[in-house]
Amino acid sequence: MTQALFSHTYGNGLVLVAERIAALESAAFTFLTPGGASDDPDDLAGLAGFTCEMALRGAGDRDSRRFVDDLDNLGVERGESVSDAHTSYSGASLAANLLPALSIYADVLRRPRLPPDELEPARLLMQQELRGVEDEPSQKVMQELRRRHYPHPWGRPSQGDAAGIAGIGLADIQAAHARHYRPNGTILGVAGRFEWERLKDHVAAALGDWSVVESSPPPDGVRGTRREHLPHESNQTQIGIAYDSVPYRHPDYLQAWGAVGVLSGGMSARLFTEVREKRGLCYSVYASYHTLRDRGAIVTYAGTSAERAQETLDVTLAELVKLAEGVRPEELDRLKARIKSALIMQQESSSSRSGTLARDWYHLGRARTLEEVGAMVDGLTAKSISDYLAAHPPGDFTIVTLGPQALEVPLAVS
Amino acid sequence: MQFLKHRLANGLEVVAECNAEAHSTALGYFVNTGARDETDDVAGVSHFLEHMLFKGTPRRTAEDVNREFDEMGAHYNAFTSEENTVYYAAVLPEYQDRSVELLGDILRPSLRPEDFDTEKQVILEEIRMYLDQPPYGADERVKALHFGGHPLGRSVLGTMESVAALPVDAMRGYFERRYAPGNIALVAAGRVDFDALVKAAERQCGDWQPLESPRPIERAQSRTGFECLARANSAQEYALQLADGPATEDDDRYAAKVMATIVGDDSGSRLYWALIDSGLAESASLGHYDYLGAGLYMTYLSCEPEPTADNLRAVLEIYRQVEDRGVTQAELDQAKSKINSRVVLGSERPRGRLFNVGGNWTQRREYRSVRDDLNAVEAVKLADVAAVLAKYPLTRSTTVCVGPLAEVKLT
């Protein structure tokens with residue numbers, strides 16, 4: 001399998017990184033644009049999300065309706081999200097419609113109309129999104145966990161808070177757009193069928209003369225409470241546990257990835273086996289790796305009925321602590337088989353790949369080919385992961401629970 | 001792209017869409033059994049049984065099953081619906097034989113009582129999880145109300161009570177009746193070696209004893225109604241509304257899907273502009289779902305409690321208008337572009353094709369290529385949309401609300 005990976009950095013700092021997958025009939029794109037939840041002023045939490053919502057309500061020559069109509073006529077499947085550091089706009093369509101779709105999104109980034117009469121409808125929508133999270137306790141507990149685990153202003157939910165959403169005015173949105181939507185720091189990932197030279201020239205014409213805006217990342221603040229129970233009238237208690245890991249660009253990233261895979265990659269992994277299969281404590285239990293640019297974390301979730309929540313917390317924590325004793329070669333072999341098939345299957349769909357390319361560039365300043373990732377995984381050994389774990393034993397946990405009653409954290413766990 | 005099929009002597013069918021260009025192989029056993037095949041005394045057994053198939057066979061423990069799937073690097077899972085239970089894996093082509101063998105082996109499970117008792121706790125946790133997530137409750141209730149006593153009104157999960165009371169022997173009896181080879185198809189898509197697939201199926205499943213396992217299909221006679229389930233600690237109010245639509249065997253299902261896209265797609269539809277763009281609702285959508293002997297349109301609305309009645313009236317007014325005046329050519333063309341793109345994107349992975357090929361074969365004994373589906377959508381005309389709306393009016397519906405409101409008054 002040969003991969004055709006291309007990249008170009010325009011004069012204003014905008015990066016285009018693209019991978020041609022000739023067998024596909026589609027093409028997908030992901031814009032990672034500066035301006036995430038960590039950039040929200042404390043009293044205007046939700047500003048990045050609100051700005052994103054408003055940017056989609058008409059841009060350039062198109063009003064809100066024409067914007068949606070044109071994308072629908074092109075058959076562009078689209079999505080947008082706000083993470084800690086970015087606002088992301090992505091889409092996928094038949095290959096022939098890629099360039100017209102990129103032109104429309106260039107307007108979203110550079111010339112959103114931010115129409116005043118759409119401000120209140122957008123606010124209503126933001127308020128409802130915030131309420132919607134209250135009805136999804138498993139999502140809620142993980143939001144509250146991340147918020148407490150990372151130092152301020154990292155780990156905040158993109159939905160913001162009620163006071164922030166109520167207080168945001170049009171001038172705040174205009175200012176956020178002017179400050180954050182900029183070419184320096186924006187990364188466009190493209191995957192699927194395209195002609196590189198045409199794509200590069202098209203992006204140059206659409207975004208090459210976009211003006212640079214100087215900026216600096218927000219400073220780290222203090223961490224939140226490390227233990228908290230949030231009372232909630234429900235059948236189940238939700239348990240969230242987080243501990244520090246290395247960021248994606250750290251040389252030890254793959255060791256950390258291997259370690260969390262042993263915990264939670266596949267149904268033979270430790271958490272699923274010990275918590276669900278052997279004890280029947282949970283339907284859903286997992287651990288996953290999460291990264292910011294300068295720090296990473298392993299976040300663990302389990303949801304179970306209130307009367308069995310204490311046992312679930314105890315068993316889950318015990319597995320996390322036990323990980324420091326190392327991993328077995330056969331556990332790693334299974335992980336390698338999983339990643340090998342996942343890497344090959346990534347070639348069968350454009351959508352996920354464009355996002356990976358853009359995020360790779362953000363963290364590494366370049367994109368890795370699938371062959372390179374494969375070779376790195378081949379280099380992993382049970383000993384290398386065990387050595388990493390001995391040096392970075394899971395501990396210093398942030399624990400947030402949500403449910404009818406609080407749980408005891410065992411004393412042996414710090 | 002080539003479609004091939006073969007039938008074993010005991011009735012088990014092997015069908016595949018073979019694509020030499022694909023990087024991976026997706027395969028699955030499609031069992032024609034689900035909630036509609038249950039009775040009250042075993043409510044929820046199909047889904048519980050699906051879990052139990054991963055708990056071991058005479059040759060494998062539960063740990064062996066999970067470990068062996070992971071050794072292949074398989075992306076594997078299973079699901080249960082009203083009318084089928086599917087066990088599937090996406091693997092690299094070199095693991096085709098091994099995954100046919102492993103999936104086939106788990107289709108003859110031990111159903112050990114101690115595993116049954118442990119897994120029952122997992123199922124009860126799954127139900128508790130959904131009980132904490134509105135609109136769960138409303139979806140089960142609205143189906144039961146709409147379908148009355150028809151088997152499609154049954155819940156896939158069952159209830160806490162029905163699952164807790166289920167004895168292992170009742171599950172064994174259900175398994176014997178429903179997992180007969182004539183009721184199962186082995187389906188594959190992507191890079192498939194068909195000769196090897198048939199041989200592996202013969203080796204693994206050839207000695208399964210045939211047994212008649214009929215499923216009576218009666219056309220559903222739906223009802224209408226309106227209910228409100230109070231749930232004080234919900235933040236939002238949710239409404240689910242069902243109306244009749246074309247069934248799996250009806251050719252006008254394509255017109256129904258195009259119409260539902262125009263009226264109620266997530267973005268750019270009539271419901272979207274009236275309710276989402278305006279901020280009146282968090283979500284408002286219309287989708288078409290088809291089963292053997294019945295089809296459904298489902299309206300889903302979530303919003304703040306206070307404007308619920310107004311929003312439901314606005315939905316009704318949109319439905320009245322489209323029934324009276326139909327849709328425009330521009331709307332029709334736009335919906336076709338959207339569906340076209342979705343079909344192509346959704347078919348890129350063998351995994352995506354597996355469910356399409358398997359669904360068509362088990363429901364209609366029919367093979368449809370991606371091109372066939374695109375052509376069928378392309379062929380839909382304004383008159384077809386008008387005809388399907390006349391035959392299945394959206395305004396004749398059953399509604400259940402769940403949320404903080406004790407009642408929702410439409411008039």
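## Between the two domains

About 3,100 Å² is buried between domain 1 of chain A and domain 2 of chain A, with carbon and sulfur atoms giving 70% of that area. Buried area here is the accessible area (1.4 Å probe) that two parts lose on being put together, summed over both. This is a predicted model, where local features need pLDDT of at least 70 and side-chain atom pairs count only at pLDDT 80 or more, while totals for chains, interfaces and linings use all residues. Residues are numbered from 1 along each chain as its sequence is written, chains are lettered from A in the order in which they are written, and side-chain values use heavy atoms, with hydrogens and water left out.

As for where the domains sit, the assignment puts domain 1 of chain A at 3–207 and domain 2 at 227–403; such bounds come from an automatic or database domain assignment. Their C-alpha centres lie 27 Å apart. The contact (heavy atoms within 4.5 Å) draws 39 residues from domain 1 of chain A and 41 residues from domain 2 of chain A.

## What holds the domain contact

The count between these two domains of chain A is 2 salt bridges, a salt bridge being a side-chain nitrogen of Lys or Arg within 4 Å of a carboxyl oxygen of Asp or Glu. A:Arg353 pairs with A:Glu19 in a salt bridge, and their closest N and O atoms are 2.8 Å apart.

On the domain 1 side of chain A, H5(A) brings the largest share, 10 residues. Helices (H or I, at least four residues) are DSSP runs, numbered from the N terminus.

## Chain A against chain B

Now for the chain contact: 65 residues of chain A and 64 residues of chain B take part. About 5,400 Å² is buried between chain A and chain B, and carbon and sulfur atoms give 51% of it.

Across this interface the rule finds 8 salt bridges. A:Lys340 forms a salt bridge with B:Glu94, with 3.9 Å between the closest N and O atoms. Polar contacts between chain A and chain B come to 35 residue pairs, both at pLDDT 80 or more. Helix H4 (residues 119–134) of chain A gives the largest share of the chain A side, 9 residues.

How values were computed:
Helices (H or I, at least four residues) and strands (E, at least two) are DSSP runs, numbered from the N terminus. A polar contact is a pair of N or O atoms within 3.5 Å; within protein, one must be able to donate a hydrogen and the other to accept it, and residues adjacent in sequence count only if both atoms are side-chain atoms.
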